[in-house]
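Trainee: Please take me through the salt bridges of this model, pair by pair. Where do they lead?

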Amino acid sequence: IGREIVHFLSIGSTNDKAKELANNGCREGLIVVAEEQTGGRGRLGRQWVSPQYRGIWMSVVLRPDIQPMEAQKLTLLSALAVSNAIEECTGLKVDIKWPNDLVVSGKKICGILTEMSAEVDKVNHVVIGIGINANMSAEDIPDELKDKATSLAIELGYNVDRKNLFRYISRNIDELYTCFINANQWHDLMVEYREKCINVGRRAVISKGDVSWEGMVTDIDDDGALIVLDGHGEKKRIISGDVSIRGV
Ligand code: BTN
C-alpha cells in the first residue's frame with residue numbers, strides 16, 4: 001500500500017478521484033492524497049471541511065478477495081490502523097467511536113468514509129477515505145462543530161509533520177490489511193479494536209433516519225456489528241450502514 005501515490009494541490013474529493021482510478025483498473029494500494037478538498041464528503045451525505053495544508057485528506061484503493069458483506073471489516077481495520085498511527089506519531093491517546101470515528105479527549109479528529117463497488121458475490125474495489133484534522137486551528141473548525149471536533153495541533157499545542165504521519169498511516173494500514181487478507185488474523189484485530197472502542201459498556205442513542213432509540217452497548221461481534229440491549233432487555237445487532245450513534 002502506498003507504493004503508488006497520486007498527489008493533488010486541490011481536488012473535489014480524493015474518494016471520487018480514487019473511485020475513478022479504480023474503475024479504470026488501477027492497482028491495489030494506490031493512494032490519492034490532496035492538500036485541499038473543495039467537495040470533501042463525509043458519512044450520511046455530510047460535507048467534510050478540508051482546508052489547504054491543514055489536514056491529511058487521502059483515499060486508499062483496495063481490491064480484497066472477499067464477500068461484499070465483509071467489506072465493513074475494512075472500515076474497522078482502517079480505524080484501528082489510523083488510530084495506532086496517530087498514537088505512534090504524536091503520543092496522543094486516540095479512541096475509536098464505533099464504527100470509524102477517531103476521537104481525542106472526547107472530540108473527533110478523524111473520519112473514515114468507505115465506499116465499495118461490488119457484484120452480488122464479489123468485491124471489485126473498496127475505497128477507504130481518511131480525513132484527519134491535523135494542523136487545523138480553532139478558527140478552521142466551523143462554529144457548529146466546535147464542541148464536537150478538534151485537531152491534533154489543538155490537542156498537542158504544535159503543528160504535526162503531516163508527511164511523517166502520512167507514512168505511519170500507510171504503513172499501519174498495510175500491516176493490518178496484510179494480517180487480515182494473508183494471515184487470517186481478523187479475530188486478533190477485533191480484540192484490539194474492542195479495547196480501543198469507547199462505546200462498549202456505555203449507553204448510546206442509535207439513530208437511523210428519523211428514528212432514534214437508546215440502549216446499552218454490550219459488545220462488538222466478530223463481524224464488527226454493535227450489540228445493543230434495548231429498553232426491553234432485547235439484544236439488537238447493529239451494522240454500520242446508515243446508522244449514527246452518540247454516547248449519553
Ligand atoms: C465522516 O466521518 O463522515 C467521514 C469523513 C471522511 C473524510 C475523508 S477526507 C478524504 C476522503 N475524501 C472525501 O471526500 N472524504 C474522505
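Mentor: Start with Glu 70 and Lys 73, whose side chains meet in a salt bridge at 3.2 Å, N to O. A salt bridge here is a side-chain nitrogen of Lys or Arg within 4 Å of a carboxyl oxygen of Asp or Glu. The model is predicted: local features need pLDDT of at least 70, side-chain atom pairs count only at pLDDT 80 or more, and totals for chains, interfaces and linings use all residues. Numbering runs from 1 along each chain as its sequence is written, and side-chain values use heavy atoms, with hydrogens and water left out.

Lys 73 is buried, at 11% relative accessibility. Glu 70 is partly exposed, at 26%. Buried means under 20% relative accessible area, exposed over 50%, partly exposed in between (1.4 Å probe, protein chains only).

The structure holds 18 salt bridges. One of them joins Lys 19 to Glu 115 at 3.3 Å, N to O. This pair links distant parts of the chain: Lys 19 sits in helix H1 and Glu 115 in strand S6, 96 residues apart. Helices (H or I, at least four residues) and strands (E, at least two) are DSSP runs, numbered from the N terminus. Glu 115 is buried at 17% relative accessibility. Lys 19 is partly exposed at 26%.

Next, Asp 223 and Arg 237 form a salt bridge at 3.3 Å, N to O. Asp 223 lies in the loop between strands S9 (211–220) and S10 (226–229), and Arg 237 lies in S11 (residues 235–238), so the pair ties together parts 14 residues apart in sequence. Asp 223 is partly exposed at 44% relative accessible area. Arg 237 is also partly exposed, at 48%.

Arg 41 leads on to the ligand. Among the 19 residues that surround the ligand, the closest are Ser 13, Gln 37, Arg 41, Arg 43 and Lys 108; a residue counts as near if one of its heavy atoms lies within 4 Å. A backbone N or O atom of Arg 41 lies 2.7 Å from a ligand nitrogen. A side-chain N or O atom of Lys 108 is 2.6 Å from a ligand oxygen. Taken alone the ligand exposes 410 Å², and the protein buries 99% of that; these areas come from the Shrake-Rupley method with a 1.4 Å probe, and for residues only the protein chains shown count as cover. S6, the strand of Glu 115, gives the most to the shell, with four residues.

Methods:
Polar contact = N/O pair within 3.5 Å; in protein donor to acceptor, adjacent residues only side chain to side chain.
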